[in-house]
Amino acid sequence: MTEQAAPAANGDILVAERVSKIFGGLVAVNDVSFAIPRRSIVSIIGPNGAGKTTFFNMLTGLYKPSTGRIVFDDRDVTRSRPDLITKAGVARTFQNIRLFATMTALENVMVGQHARMKAGIFGSIFRPPRVRKEETRVTEHAREMLKFVGLRDRVHEQLAINLSYGDQRRVEIARALASGPTLLLLDEPTAGMNPQESARLTDFMIRLRDELDLSILLIEHDMKVVMGVSQRVTVLDHGEKIAEGDPQEVRANPAVVEAYLGKQG
Amino acid sequence: MAVATDKAPTRRYGIALPPWFSRVAAITLIMIAAVLPLFFTQSSNFIDDTTLALAYVVMALGLNVVVGFAGLLDLGYVAFFAIGAYTTGWFSSGFYADANVHVAVSSFQSHLPGIHLNWLFVVVIAMVLCAVAGVIIGLPTLRLRGDYIAIVTLAFGEIVRVFALKGDEVNVAGHPLTAGRQGITPIDGISIAGNQPFNQLDLRPWYWTALVMVLIVLFCNIRLRDSRLGRAWVAIREDEVAAASMGVPLVKTKLLSYATGAAFGGASGAFLGAYLNTVNADQFQFAFSIFILAMIILGGLGSIWGVVLGAVTLSYINYRLIPDVLNDVPQKLGLDFQLSDIGFGIFGFLLVIMMVLRPQGLLPERRRELELEEGIGADDQFVQVQA
């Protein structure tokens with residue numbers, strides 16, 4: 001059962017109301033209500049297989065919820081297509097990096113701006129001044145984004161597959177940022193990072209919130225990162241929300257401890 | 001490196017080429033191609049073969065948009081050859097003899113019965129019809145991947161062939177759709193500005209027409225590759241889920257690639273209909289789709305110049321080398337068959353050799369080269385977009 005009713009929509013960038021996802025007989029996400037306040041960083045945690053990524057995929061339109069409603073920026077996006085949700089202002093990264101491997105870092109970030117561009121098929125062929133300008137603007141913006149995530153010029157023209165793991169993570173974030181989101185979903189961004197890198201990413205997320213006015217939803221296993229940046233933490237287990245609150249509350253919640261460590265004594 | 005990146009030499013195949021090299025090479029090649037027929041007699045076999053080769057280059061470049069750029073394996077490409085050719089058959093011959101429609105044709109053609117449109121109109125109509133057909137073939141494949149797309153498109157090609165074959169019994173407003181095996185013939189020679197229509201005695205104008213088509217389609221291909229749309233196609237080829245999550249509308253972008261590829265195929269079909277002077281059902285075999293696909297695989301999937309090379313190579317082998325040059329080799333060796341009997345066997349053999357020695361094609365696209373060498377894109381895609 002949900003412990004709290006869904007908060008009023010006004011202050012929230014995204015509201016999910018009683019969302020469920022059923023695959024055949026498997027209930028992956030069960031009746032989860034959830035909200036993300038504007039300009040905040042909130043986290044979803046939970047053991048493996050708790051339904052975190054499934055929930056993510058519903059928010060971004062890759063899965064259609066079986067029941068429930070998702071409202072982004074006061075618009076119902078429950079059954080919307082992924083590209084339209086991106087256009088509306090939700091951007092994401094993936095748990096296992098999904099860059100376009102044989103495109104350069106720059107091209108990857110340019111694809112991120114697809115929804116913000118207009119050139120159609122005839123525009124692409126005849127390339128009138130309007131399209132030329134758009135290409136220049138998009139290229140420059142892509143370079144800015146790559147610099148913003150800390151990638152030097154030298155790296156921009158390299159194929160994504162040839163980049164180091166950490167740089168690939170950065171390109172993926174740059175690609176997501178390039179679409180001009182108001183809400184950024186990060187799916188285990190620190191996976192495979194050492195503590196120093198994780199700490200840098202934590203600072204970076206705070207910078208994103210403060211400088212770009214973004215809201216961030218984080219799925220994360222690294223508790224240090226989660227406790228360090230989150231205003232609010234939601235815990236999923238077996239597809240159900242078992243706890244929600246600020247990091248201290250969640251840490252002390254016996255249900256959470258049990259989900260992670262099993263029943264004590 | 002403090003040097004601006006666009007000044008840096010492009011490094012490929014281990015040799016550094018100066019930036020102007022490819023441009024100069026392209027211009028030289030086009031100039032040579034333009035004056036080439038002047039060195040041969042007006043109706044020489046060489047011009048005949050080369051004209052066909054050029055028409056096939058247009059076909060292959062069209063299919064390359066679908067298979068090479070967007071990664072959608074289309075095995076029914078012959079359908080667009082058929083639709084393009086039939087457009088020429090319908091709108092520039094005496095097939096519908098009781099209609100008397102003449103639009104901007106030469107004075108000779110304007111006295112013939114039937115529908116006779118200026119060939120430029122015919123090409124435009126063919127491209128539009130094919131683009132529509134391309135969308136129709138694309139729609140049922142939208143939720144499919146890889147092999148399944150191939151099967152659906154293959155079936156589509158067969159449907160169009162059967163329509164062509166049995167079209168003499170299909171009546172549209174009292175008129176047959178096609179002439180079946182018999183073929184619609186003769187077809188008007190191309191006459192663009194009211195000039196004497198092209199004929200089979202002087203093949204040079206045909207050649208130049210085909211060359212102009214190749215240049216236009218090349219231009220379109222290059223522009224598309226380096227555009228918002230081209231990037232979106234490659235993104236879909238690389239990772240559909242990520243592309244959709246980055247704001248690329250899958251349905252629209254895929255359908256655009258089908259429509260674009262089909263339109264180029266239709267233009268080439270409209271040309272071939274007129275050039276071959278007949279449109280009959282036996283031209284539209286499944287083998288044709290494979291022939292074009294083999295061209296782009298041989299040249300290098302997705303690589304524009306590779307596709308041009310592959311198309312020219314295979315059509316020369318098919319129309320020159322096998323039937324004219326090497327045809328009696330088996331007989332000289334005491335074998336009782338002609339080389340042209342085993343034409344497709346030879347293509348198959350070539351492709352196998354190619355896959356073993358140089359799977360990325362003759363002039364590979366940089367991206368594909370990586371895919372084959374490093375096995376990118378082979379991992380499972382566990383999430384599927386529910387469109």
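## A cis peptide bond in chain B

Pro186(B) sits in the loop that runs between strand E7 (175-176) and helix H6 (204-225) of chain B. In this predicted model, the peptide bond leading from Thr185(B) to Pro186(B) is cis, with omega near -5°.

## Chain B as a whole

Chain B contains 14 helices and 7 strands, and its C-alpha trace spans about 70 × 50 × 50 Å along the principal axes. A compact globule of 387 residues would have a radius of gyration near 21 Å, and the 22 Å of chain B agrees with that expectation.

Of the 387 residues in chain B, 47% are buried. When the contacts of chain B with a separation of 6 or more are considered, 74% of them are accounted for by residues 24 or more positions apart.

## A helix pair in chain B

Two packed helices are described by the angle between their axes and the distance between the axes. For helix H3 (residues 78-91) and helix H4 (residues 119-138) of chain B, the angle is about 145° and the axes are 9 Å apart, and H3(B) passes H4(B) in a right-handed crossing.

On the H3(B) side, the contact is made by Ala79(B), Phe80(B), Ile83(B), Gly84(B), Thr87(B), Thr88(B) and Phe91(B). Facing them from H4(B) are Val122(B), Ile125(B), Ala126(B), Leu129(B), Cys130(B), Ala133(B), Gly134(B) and Ile137(B). By class, the residues of this contact between H3(B) and H4(B) comprise 11 nonpolar and 4 polar residues, with no charged residue among them.

Chain A has 11 helices and 10 strands, and its C-alpha atoms fill a box of roughly 70 × 40 × 35 Å along the principal axes. The radius of gyration of chain A, 19 Å, agrees with the value near 18 Å that a compact globule of 265 residues would have. Buried residues make up 47% of the 265 residues in chain A, and 68% of the contacts between residues at least 6 apart in sequence join residues at least 24 apart.

Chain A is divided into domain 1 (1-89 + 181-265) and domain 2 (104-179), whose centres, taken over C-alpha atoms, are separated by 28 Å. Where the domains meet, 9 residues of domain 1 of chain A are in contact with 7 residues of domain 2 of chain A. H2(A) provides the largest share of the domain 1 side, with 3 residues, and the residues on that side divide into 4 nonpolar, 2 polar and 3 charged.

## Where the chains meet

The contact between the chains takes 34 residues from chain A and 32 residues from chain B. On the chain A side, helix H2 (82-88), helix H3 (105-112) and helix H4 (121-126) each supply at least two of the residues that touch chain B. Sorted by class, this side of chain A has 16 nonpolar, 8 polar and 10 charged residues.

## Selected residues of chain A

Leu236(A) lies in strand E9 (residues 232-237) of chain A, and it counts as buried because it has 26 C-beta neighbours inside 10 Å, where 20 or more are required. Apart from its neighbours within four places in sequence, Leu236(A) is in contact with Ile44(A), Gly46(A), Ala50(A), Gly51(A), Lys52(A), Phe55(A) and Lys241(A). The C-alpha atom of Leu236(A) is separated by 9.0 Å from that of Ala259(A), a residue 23 residues away along the chain. Asp31(A), by contrast, lies in strand E2 (residues 26-37) of chain A and counts as partly exposed, with 16 C-beta neighbours inside 10 Å. Between Asp31(A) and Glu17(A), which are 14 residues apart in sequence, the C-alpha to C-alpha distance is 7.9 Å.

Asp73(A), although not a glycine, has a positive phi of about 50°; it is found in the loop between strand E4 (67-72) and strand E5 (75-76) of chain A, and it is partly exposed, with 16 other C-beta atoms within 10 Å. Asp213(A), also a residue other than glycine, has a positive phi near 60° and is found in the loop between helix H8 (195-212) and strand E8 (215-219) of chain A. Asp213(A) is exposed, because 10 other C-beta atoms lie within 10 Å and the limit for this class is 12 or fewer.

Methods: Residues are numbered from 1 along each chain as its sequence is written. Chains are lettered from A and ligands numbered from 1 in the order in which they are written. This is a predicted model: local features need pLDDT of at least 70, side-chain atom pairs count only at pLDDT 80 or more; totals for chains, interfaces and linings use all residues. Helices (H or I, at least four residues) and strands (E, at least two) are DSSP runs, numbered from the N terminus. The radius of gyration is taken over C-alpha atoms; the globule rule is 2.2 Å times the number of residues to the power 0.38. Two residues are in contact if their C-beta atoms, placed from the backbone, lie within 7 Å. Ala, Val, Leu, Ile, Met, Phe, Trp, Tyr, Cys and Pro count as nonpolar, Asp, Glu, Lys and Arg as charged, and the others, Gly among them, as polar. Domain bounds come from an automatic or database domain assignment. Axes are lines fitted to C-alpha atoms, for helices over the stretch in contact, and angles run from 0 to 180 degrees between N-to-C directions. A crossing is left-handed if the near helix is turned anticlockwise from the far one by less than a right angle, and right-handed if clockwise.
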